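Hi everyone, thanks for making time for this. Please bring up the model on your screens, and we will walk through it together.

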Amino acid sequence: MMELDVSGLSCPMPIIKLKKFLAENPEKDLVVTLVLSDRGGLKDVPAFCRQQSLGCELLADNDELRFKIWRQD
Amino acid sequence: MTENIDSLPDSFSVIHTKGTLDWAYPTFILASTAAVMDRQVELFFSFYGLQCVLKSTEHLKVSPLANPGMVIKSPLGPQWFKQVDLNNYLPQLIWTLPGMTRLATWGFKKHMLLQGQVPLDELRDLCVSLDVKMTACQMSVDMMGFAESDFMDGLSFAGAASYFAVTPGQQSLFV
């Protein structure tokens, strides 16, 4: 699984980096782990994924946040 | 939030009238975020807001003077000192002294970078690359004696009517 680490960046950069990553990786079966330190991402990332019709699952919530994100039909 | 996303407007606009660094950030943060959420974004810069779309953003400053809402924390020093909101303790008079605006601006920039925020010109370029539409108020440009060559690339020049012709009827922010 690919990993996108945007730790150290704050709003809106994690979402912008994720959006660019998705544009650069157009595979239909894409699965990526997003790692971020911005606590706002706890709600922002699922909201972005919902709006973009992406699957999203929170894997870890400690010093950093980890999300599994995938394209779905 | 549980809104039905189908009911959300597909465009977003901001009328920006402030010419200081601290006011510039919210506009460009909101604009870039809305753009990656597939909104069509229109920014209209009027009066002092023109300062935010000049070629360089280096001249933009922050002043704590008459700004009691501004949290002022030192980016340097021991941990206990960095937690203190200096605006609660320092008299406003101190911000009138020569060099204090420069000091506050330096501290603000340092603090933003430490928080993981990008420099303003980078954020602004990001907005351009995300296809955020920016328009400078022609009347303000003329009134303040600017030339079109003073401004960043990718900026349009038009009046308020042009802005209202392309922006949503129910959602605009005034900054």
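Let me begin with one word we will need: a residue is buried if 20 or more other C-beta atoms lie within 10 Å of its own, exposed if 12 or fewer, and partly exposed in between, with the C-beta atoms placed from the backbone. Helices (H or I, at least four residues) and strands (E, at least two) are DSSP runs, numbered from the N terminus.

A word on the source: this is a predicted model, where local features need pLDDT of at least 70, side-chain atom pairs count only at pLDDT 80 or more, and totals for chains, interfaces and linings use all residues. Residues are numbered from 1 along each chain as its sequence is written, while chains are lettered from A and ligands numbered from 1 in the order in which they are written.

Let's start with chain B. Its C-alpha atoms fill a box of roughly 50 × 45 × 25 Å along the principal axes. Chain B has 6 helices and 5 strands, in the sequence pattern β-α-β-α-α-α-β-α-β-α-β. Of its 175 residues, 27% count as buried.

Now find strand β3 of chain B, residues 133-137. How many of its residues are buried? The count is 5 of the 5, so β3(B) is largely enclosed by the rest of the structure. As a general rule, side chains in a regular strand alternate between the two faces of the sheet.

Who are the neighbours? Two strands pair if DSSP finds at least two bridges between them. Strand β2(B), residues 40-45, pairs with β3(B) in the parallel sense over 4 bridges, and E42(B) has K133(B) as its bridge partner. Strand β4(B), residues 155-158, also pairs with β3(B) in the parallel sense, over 4 bridges; here M134(B) is partnered by L155(B).

Over to chain A. Here we have an open sheet of 4 strands, in the order β1-β2-β4-β3, with mixed pairing. Which strands stand at the edges? They are β1(A), residues 2-5, and β3(A), residues 54-61; each has a single partner strand, so one side of each is left without a neighbour in the sheet. Inside that order, β2(A) (residues 31-36) and β4(A) (residues 65-71) run antiparallel, joined by 6 bridges. One bridge to look for sets V35(A) against R66(A).

Next, the helix α1(A). In α1(A), M13(A), P14(A), I15(A), I16(A), L18(A) and K19(A) are buried. What covers them includes β1, β2 and α2 of chain A, together with α1 (21-36) and α4 (120-129) of chain B.

That brings us to where the chains meet. Two residues are in contact if their C-beta atoms, placed from the backbone, lie within 7 Å. By that rule, 14 residues of chain A are in contact with 12 residues of chain B. On the chain A side, α1 (13-24) and α2 (41-51) each supply at least two residues.
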